[in-house]
Amino acid sequence: MGKNKLQKFEEMDGFPHVIQAEFDEVFQKDYKLKGKWSSDFFGNMNPVVLELGCGKGEYTVGLARRYPQKNFLGVDIKGSRMHAGASASFNEGLKNVGFIRTHIEMINSFFASNEVDEIWLTFPDPQMNKTRKRLTSTRFLSHYSGFLKPGGRIHLKTDSWFQYSYAKAVCETNNLTVIHDYTDLHNDDAPAELKEIKTYYEERFMAHAVPIKYLCFILPERHQLAEPDIDIPKDIYHNAGRGVKLYHNDEKAPPKLDVR
């Protein structure tokens, strides 16, 4: 591990709003703050909103700035990326934002029934060959239903047509209520508040004319979900340096760009 990463991990250990739980603290057991995030971590009873797979955390921080009456938690396993959002929120003195470094597969160890109001999934890996790893799969949605309040919303923003199509198929198969559905968020007649906050990758996608898809739906409480029986065309991979950029067959691919 590089010195820079070690330095970031050490610095985050000193941030009071960052949780880096040890494996044995959450494996097959409840984390000590489960059911107490509002009262013990944030010190208020405001709504709790998660960003799962938050990456650099810029969206979590952006939401916290825009909605001071809500509490926001960014969740990711890659601490070196999370450091950016953790540092920014710490330096700004934001009191309604925090970060949890853990595997999303262990998310149920952190949150109690009806503890979370909303979930954001911003540009998750489409996992085109691994259904169980998709953050909008019925496997993960079943996890979320264990702690999301009745009527709680799932927000998905993605550049991937495959990811969007799969999530929409899940909604249709399970008769989930869709609140917003845009295939080109920044050019469609969408509410301004959905367009204001952009992630680093989102801005790069937009700069190369890649449409941003947005889907918002309601997840029923403790509802048995079925996987859609549908064949979705896969995105086309374009290798670009150290990363991969995805484009759908129906989208015009701009010049290759290292965005992953």
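1. His186 and Glu202 meet through their side chains, in a polar contact of 2.7 Å. This is a predicted model, and the distance of 2.7 Å is computed from it.

2. Where does His186 sit? The place of His186 is the loop between β7 and α8; α8 itself covers residues 193-196. His186 has 17% relative accessibility, so the residue counts as buried; the cut-off for that class is under 20%.

3. Which residues surround His186, leaving aside neighbours within four places in sequence? Lys195, Lys198, Glu202, Met206 and Ile212 are in contact with His186. One of these, Glu202, is the partner in the 2.7 Å polar contact.

4. Now the sheet. Eight strands form an open sheet with mixed pairing. The strand order reads β1-β4-β3-β2-β5-β6-β8-β7. At the edges stand β1 (18-19) and β7 (178-182). Each edge strand has a single partner strand, so one of its sides lacks a neighbour in the sheet.

5. Strand β2 (residues 48-52) runs parallel to strand β5 (residues 116-122), and three bridges link them. Val49 has Glu118 of β5 as its bridge partner.

6. Finally, the chain as a whole. Nine helices and 10 strands are present. The chain has 260 residues, and 50% of them are buried. Of the contacts between residues at least 6 apart in sequence, 73% join residues at least 24 apart. Accessible surface comes to about 12,500 Å², with 48% belonging to carbon and sulfur atoms.

Technical notes:
Residues numbered from 1 in each chain as written. Predicted model: local features only at pLDDT ≥ 70, side-chain atom pairs only at ≥ 80, totals over all residues. Heavy atoms only, no water. Pairing = 2+ DSSP bridges. Helix = DSSP H or I, 4+ residues; strand = E, 2+ residues; numbered from the N terminus. Buried < 20%, exposed > 50% of the residue type's maximum accessible area, 1.4 Å probe, protein only. Polar contact = N/O pair within 3.5 Å; in protein donor to acceptor, adjacent residues only side chain to side chain. Contact = heavy atoms within 4.5 Å. Areas by Shrake-Rupley, 256 points an atom, 1.4 Å probe, with all protein chains shown as cover.
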